[in-house]
Amino acid sequence: MIGKQVRLILHCNCEKASLLTSESLDRPLSFGERWATRLHHLVCSHCLRAARQVRQMHRAIARLPRSVRYMMSLHSCHLSIGARKRIVEQMRRS
Amino acid sequence: MVAGTVESTNLTAPSASAADETESPDVWVDKYGDLLYRTALARVANQTVAEDLVQEAFLAAWKGRATFDGRSELSTWLVAILRRKIADHFRSTGRSRETAPGDDEPGEHDLFDHRGVWRSPIGKLSLQLETPLEREEFLHVLQTCVQELPGNLAQAFSLRELKSTPPESVCEEIGISRQNLAVRLHRARLLLRSCLQGRWLGERKEGK
């Protein structure tokens, strides 16, 4: 267990650190994961900057009104009204 | 959300066997449009391609509705037709998979190199939205950027960040593992970050 945590900390590259930062927005990180990202950020300014920006983006989105976010999500989960109309028309014509 | 008029139901040719309900384009699209769209989105690059495939599937199903024997659910039959359309689409573009970049093992090839180091440097981006105008602009840019995400990433991102769905429920809804979701969300967030940066927000602050 401890070996795994240490390995995690020692083998943290940008990609892993960035994935963990993203994960931290969805679940609490483990001790090893937290330190892996922290230590990586000490030596990598790019990752530190990217992590700050990703978290800031997450907060900015969370602050948008619920209705606005919902409207924005429609197009990526629901068939748009325009497409529905077009398809129904085509089906009638065929 | 029924797009179209109800009266037009009567215009469609009456079929001997099937009930009225299964015989209206409006009802089909209204009932199964989202299901087919989500199925398509999970496989192809973007929303336009997904919409086109859904349209093709509906048209093919509508033309061949006489062959639907009613032994399976209409939804199952429609999804099967859509899957064939998706397969045709990939065959014609000469690829086995268009996106699903979030699903492949190393996957992030355009963001990180083989050692897991950023391919391009991280530029400045400030999201301190102080004025209403800035907030307005942010909304606009965010909308554009979300739409530019590959379909499967846009879907995961929308459910998680826009609809604030708990991660476990997102996994259930799209039918992927927790780990897979983590990879998709990671990728979606990074692509959005660079899209936001590229489109005005980053630049503007730097110029100040």
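In this predicted model, the contact between the chains draws 51 residues from chain B and 41 residues from chain A, where two residues are in contact if their C-beta atoms, placed from the backbone, lie within 7 Å. On chain B, at least two residues each come from α1 (25-41), α2 (47-63), α4 (132-148), α5 and α7 (178-198); helices here are DSSP runs (H or I, at least four residues), numbered from the N terminus. Sorted by class, the side of chain B that touches chain A holds 29 nonpolar, eleven polar and eleven charged residues. In this sorting, Ala, Val, Leu, Ile, Met, Phe, Trp, Tyr, Cys and Pro count as nonpolar, Asp, Glu, Lys and Arg as charged, and the others, Gly among them, as polar.

Helix α5 of chain B (residues 151-162) also meets helix α6 of chain B (residues 167-174): their axes, lines fitted to C-alpha atoms over the stretch in contact, come within 9 Å and cross at roughly 145°, on a scale from 0 to 180 degrees between N-to-C directions. Gln155(B), Ala156(B), Leu159(B) and Arg160(B) of α5(B) make this contact with Pro167(B), Val170(B), Glu173(B) and Ile174(B) of α6(B). Five of these residues are nonpolar, one is polar and two are charged.

Chain B itself splits into domain 1 (7-93) and domain 2 (100-208), with bounds from an automatic or database domain assignment. Seven residues of domain 1 and six residues of domain 2 form the contact between them in chain B. The domain 1 side has five nonpolar, two polar and no charged residues.

Residues are numbered from 1 along each chain as its sequence is written, and chains are lettered from A in the order in which they are written. Local features need pLDDT of at least 70, and side-chain atom pairs count only at pLDDT 80 or more, while totals for chains, interfaces and linings use all residues.
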